[in-house]
Amino acid sequence: TRIDAVAEEKTASAKQQECAKLERDTQAILDEATPALEQALEKLNELTTSKINEVAKYPKPPQGVLLTLKGLCILFQLKPVMKTNEAGKKEPDYLQTAKSELFGNVTQLQNRMLIFHKKELSG
């Protein structure tokens, strides 16, 4: 009936407005994040074998480096090497995992990060 059609039109119009707002909000977030993504990709392209080798030689890297290595291991689903700490408890050693799984081939590491970036954004 006409009453049902009017009600459905109002519902559809409300959903359309809700979707439009969601689209604007999402675009605003994307616009804010895009410069950081572009900067990260520029830095990724600046990654050199010598820089990776320098990090690999750290006996005890700074916390930020360890956090980055942990993030890469998690990102690429690499199971961390487990080591025993001073208290006798097992804990993950992301530095050792990165040394054995990531640092061997800088070009491959860069490609993995770029491919992951593209795959996640397109999927």
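This report describes the pockets and salt bridges of a predicted model.

The model is predicted, so local features are given only at pLDDT of at least 70 and side-chain atom pairs only at pLDDT 80 or more, whereas totals for chains, interfaces and linings use all residues. Residues are numbered from 1 along each chain as its sequence is written, and side-chain values use heavy atoms, with hydrogens and water left out.

**Pockets**

A pocket is an open set of points on a 1 Å grid over the protein atoms alone, where a 1.4 Å probe fits, with protein on both sides within 12 Å along at least five of seven lines; its lining residues have an atom within 4 Å of a point. Volume is the space filled by probe spheres set on the points, which are joined across faces, edges and corners. Helices (DSSP runs of H or I, at least four residues) and strands (runs of E, at least two) are numbered from the N terminus.

The largest pocket has a volume of about 400 Å³. Of its 15 lining residues, L66, K83, E91, P92 and D93 are the closest to the centre. Two or more lining residues come from each of α3 (63-75), β2 (90-93) and α4 (94-101), and α3 gives the most, with four residues. The lining divides into seven nonpolar, two polar and six charged residues, where Ala, Val, Leu, Ile, Met, Phe, Trp, Tyr, Cys and Pro count as nonpolar, Asp, Glu, Lys and Arg as charged, and the others, Gly among them, as polar.

The second largest pocket has a volume of about 280 Å³. Among its 14 lining residues, L47, I52, T68, L69 and L72 lie nearest the centre. At least two lining residues are supplied by each of α2 (49-57), α3 and α5 (106-122), with the largest share, six residues, coming from α3. By class, this lining holds 11 nonpolar, two polar and one charged residues.

**Salt bridges**

A salt bridge is a side-chain nitrogen of Lys or Arg within 4 Å of a carboxyl oxygen of Asp or Glu. By this rule there are two salt bridges.

| D25 | K21 | 2.8 Å |

D25 and K21 both lie in helix α1 (residues 2-45), four residues apart, about one turn of the helix. Relative accessible area is classed as buried under 20%, exposed over 50% and partly exposed in between (1.4 Å probe, protein chains only). D25 is partly exposed at 36%, and K21 is partly exposed at 44%. In the other pair, E46 is partly exposed at 40% and K43 is partly exposed at 49%.
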